[in-house]
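Welcome, and thank you for opening the viewer. Let's take a short walk through this model together, one selection at a time.

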Amino acid sequence: MAASETYDVVVIGHGAAGLSAAVTYVEACRAEGRTPSIAVLEASPEDERGGATRWTTARFRALEDLTLDPFFVGRMQELSGGLADVDYCRRLEAEVPKSLAFLQDHGVELVHYGPPVAMRVTHEVTPNGGGASIVEHLHAALVADGAADIHYQTAAERLVVGDDGAIAGVVVRGPDGRTREIAAAAVVLACGGFEGNREMLTRYAGPNAVDLPLLAPGLKHNQGAGIRMAMAVGAATSGQFDMLHTELVDIRTDRADAVIYAHPYGIVVNGDGERFWDEGQGTFEDTFEQIAFEVYKHQGQQAYFIADQTITSYPGLMVLFDTDQPAIEASSIAELAMLLGLDPEALEQTVADYNAAVQPGEFDPNVLDGKCTEGLSPDKTNWAYPLQNPPYFAYPLKAAICFTYGGLRTDADARVLAENGAPIPGLYAAGEIVGVFYHAYPAGTSVLRSLSFGRVAGSHIAAGG
Ligand SMILES: Cc1cc2nc3c(=O)[nH]c(=O)nc-3n(C[C@H](O)[C@H](O)[C@H](O)COP(=O)(O)OP(=O)(O)OC[C@H]3O[C@@H](n4cnc5c(N)ncnc54)[C@H](O)[C@@H]3O)c2cc1C
């Protein structure tokens, strides 16, 4: 197929990673008096552009001085059991202050917020307007420069490589269903993971992926095409392919990101009205992913958060209920069970057993208070207070998918590595498409890594690749 268009660079994806790469490349060219030659391909229609980035609040695991949480690298090593790519993590650490300055330079206002719960010390920075503000400000910078061609409803399908294995372009499918080839010596894969692709989810993460709703509609275009294209030309993979970042959401709403993070401060029961997990084993930001994955994998996507008025006297905790639906309230546990469609006797028994097992001590949501249960299976390690202060309230929950862990292997310069460890000439990847997480995700680092390695890719290409 002869190329219909030719650019120096093609960026695939119009989210945080792709826009950071494109804007950085364009500005670096201009700084050297060169005219940028770049196309940005986006699978979605124009009004849906932005992928996951458009829908995220974009909480950053950054401190007030705009540096990455200093414990991040160690935490990655610990959570991954030594599998994490330390060079990647250290490069991220070095890039985060520059990435946040980059956002500010392009009009994104960063706000510092006091943690809603005192323990939440690692997410202190967020863009005013969330990820949508990132998408719109970086997009505006690209449009203002004028050099980049942005092709919407244009999905990259296949990489073109020369006889020596170097990147030569990409085959895309446009809105008319036809394919065409775009020639380019450098391609940046910034087109997310495979959370929108049920076939790949089933292949890698196992049965029942069809039961996983998307946390936000922008994820539907992330079909894993970038991962498949790169693997087809010999790219190596990394990250845990059978692990997904999921979160518990209110089942009663279609609103995006209707998350309920309050599990440490009550109990969570399954469809049998039984507890199944130690809700108080860690802070909500350290455990929200794991309990959701358990609900998806082993509880048939059915769970109910239950609490009493004890926690409503801590107004800061109410931000942990981010749904547009009111709590389901009742004056007794049996009545609450009936409203939830649970067996009243089973839920009464669960609550009675739980209340009887609560140990003395002061409930304090701001610290790991050690107020636990004894004799249950499973016990609750912290924040165990007896449910005896009606009205009782509940939220029906299921897990929704946010992103996939498995992806491409890159070096710290965002170059995609072949299976022999050598960079594939001209091929870069940034953002969620890069596999770095194993076992658990240190929250608040996804957008940061998208911005950071997008910038790294853009400047590496501008510097000659
Ligand atoms: C509701 C929600 C809340 C979140 N909260 C946080 C948070 O607080 N903090 C945090 O750090 N992270 C958070 N995340 C995760 C974070 O938003 C993402 O990991 C990050 O934005 C990914 O950026 P990206 O540029 O790699 O991918 P995306 O932003 O998803 O962009 C990928 C783009 O590629 C396009 N695309 C896909 N396939 C193709 C193709 N074949 N051809 C052309 N284009 C294609 C897609 O349409 C999309 O626009 C959240 C995510 C969601 C959904």
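Two residues are in contact if their C-beta atoms, placed from the backbone, lie within 7 Å. Keep that in mind for the stops below, and remember that you are looking at a predicted model.

**The whole chain**

Begin with everything selected and coloured by secondary structure. The protein chain has 10 helices and 19 strands. Its radius of gyration is 23 Å, close to the 23 Å that the globule rule gives for 465 residues, so the chain is as compact as a globular protein of that length. Turn the view along the principal axes, and the C-alpha trace spans about 70 × 45 × 40 Å. Of the 465 residues, 52% are buried. Among contacts with a separation of 6 or more, 74% join residues 24 or more positions apart.

**Phenylalanine 403**

Next, select phenylalanine 403, which sits in strand S16 (residues 392-404). Is phenylalanine 403 buried or exposed? A residue is buried if 20 or more other C-beta atoms lie within 10 Å of its own. Phenylalanine 403 has 22 other C-beta atoms within 10 Å, so it counts as buried.

Which residues is phenylalanine 403 in contact with, leaving aside its neighbours within four places in sequence? Highlight Ala52, Gly193, Glu195, His245, Glu432 and Ser446 to see them.

**Two cis peptide bonds**

Move to the loop between helix H9 (344-357) and S16, and select proline 378 there. The peptide bond leading from serine 377 to proline 378 is cis, with omega near 5°. Stay in the loop between H9 and S16 and pick out proline 391. The bond from proline 390 to proline 391 is also cis, with omega near 0°.

**Helix H9**

Now select H9 itself. This helix has 14 residues and reaches 20 Å from its first C-alpha to its last, close to the 20 Å expected at 1.5 Å a residue. Show the side chains of Leu347, Thr350, Val351 and Tyr354, the buried residues of H9. Look down the axis of H9: these buried residues fall within an arc of 90°, so they line one face of the helix. An α-helix has 3.6 residues a turn, so residues three or four places apart point the same way.

**Two positive phi angles**

For the last stops, select alanine 58, in the loop between strand S3 (38-41) and helix H2 (72-80). Its phi is near 65°, a positive value in a residue other than glycine. Alanine 58 counts as buried because 27 C-beta neighbours lie inside 10 Å.

Finally, go to glutamine 301, in the loop between helix H7 (284-298) and strand S14 (303-307). Glutamine 301 is another residue other than glycine with a positive phi, here near 60°. With 19 other C-beta atoms within 10 Å, glutamine 301 is partly exposed.

Methods. Residues are numbered from 1 along each chain as its sequence is written. This is a predicted model: local features need pLDDT of at least 70, side-chain atom pairs count only at pLDDT 80 or more; totals for chains, interfaces and linings use all residues. Helices (H or I, at least four residues) and strands (E, at least two) are DSSP runs, numbered from the N terminus. The radius of gyration is taken over C-alpha atoms; the globule rule is 2.2 Å times the number of residues to the power 0.38. A residue is buried if 20 or more other C-beta atoms lie within 10 Å of its own, exposed if 12 or fewer, and partly exposed in between; C-beta atoms are placed from the backbone. The expected span of a helix is 1.5 Å times one less than its number of residues. The arc is that of the directions from the helix axis to the C-beta atoms.
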